[in-house]
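Subject: Structure handover

Hello,

Here is the structure I promised you. Please open it next to this email and follow along.

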Amino acid sequence: VKVLPLAGTLQPGAFQIVTFEFDNSAALGQYRDTIFAESAQGSEPLYLDFRVVCPDPVWNLNREGFSFSMNMTLELNIDGVVSTDDRDIVGAFIGRELRGLGRVQYNQELKKHLVFMTVYSNVSSGDTVKFQVWDASACKLYGKTIESFKFEPDGLVGSPFQSQVL
């Protein structure tokens with residue numbers, strides 16, 4: 001970590017912006033550490049907590065121009081482990097076109113991690129919704145899932161109380 005400025009003096013009531021630059025070659029992962037600032041009162045701790053991740057896939061969802069939608073409540077299971085990573089993303093595709101997008105998020109009331117997603121279509125029946133999963137901690141894009149669903153206008157797949165495992 002490079003700290004700028006490295007030293008200085010402040011008058012009472014004044015402030016100074018301090019910039020932290022992290023080496024861009026740091027390995028993927030979660031980092032926690034403490035930096036100490038020396039002051040007239042002694043050492044003042046500054047706790048660092050940061051994560052190095054791969055860039056998310058560039059998925060641009062165009063919600064305009066669709067006549068129908070359906071909602072999904074999913075529990076993402078990657079290789080037998082339920083995802084608790086809020087950087088994990090599920091993309092819903094019809095053919096090669098992205099039609100829905102959702103991130104893992106923690107639901108405080110239910111005490112579980114879920115993905116809430118709206119999927120869009122212009123066809124009232126017959127479309128098959130397939131999924132790709134971005135696993136942020138592993139820096140992997142899974143090209144398909146075991147599950148797929150038929151698109152149903154105003155349809156529901158899963159619910160907050162009984163989510164669909166993906």
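There is one disulfide, counting any pair of cysteine sulfur atoms within 2.5 Å. A disulfide is a covalent bond between the sulfur atoms of two cysteines. Here the partners are C54 and C139, with sulfur atoms 1.8 Å apart. The link of C54 and C139 is left-handed, at -110° about the S-S bond. It joins distant parts of the chain, 85 residues apart. C54 sits in the loop between strand 4 (42-52) and strand 5, and C139 in the loop between strand 11 and strand 12 (140-142). Strands are DSSP runs of E, at least two residues, numbered from the N terminus.

This is a predicted model: local features need pLDDT of at least 70, side-chain atom pairs count only at pLDDT 80 or more, and totals for chains, interfaces and linings use all residues. Residues are numbered from 1 along each chain as its sequence is written, and side-chain values use heavy atoms, without hydrogens and water.

Is C54 buried or exposed? C54 is buried, at 13% relative accessible area. C139 is partly exposed, at 29%. Buried means under 20%, exposed over 50%, partly exposed in between (1.4 Å probe, protein chains only).

Now the cores. A nonpolar core is a set of buried Ala, Val, Leu, Ile, Met, Phe, Trp, Tyr and Cys residues joined through side-chain atoms within 4.5 Å. The largest has 19 residues; M72, V90, M117 and F131 touch the most other members. Strands 5 (68-75), 8 (89-94), 10 (112-121) and 11 (128-135) each supply at least two of its residues. A second, separate core has ten residues, including F66 and Y120.

Best wishes

Definitions and conventions: Helices (H or I, at least four residues) and strands (E, at least two) are DSSP runs, numbered from the N terminus.
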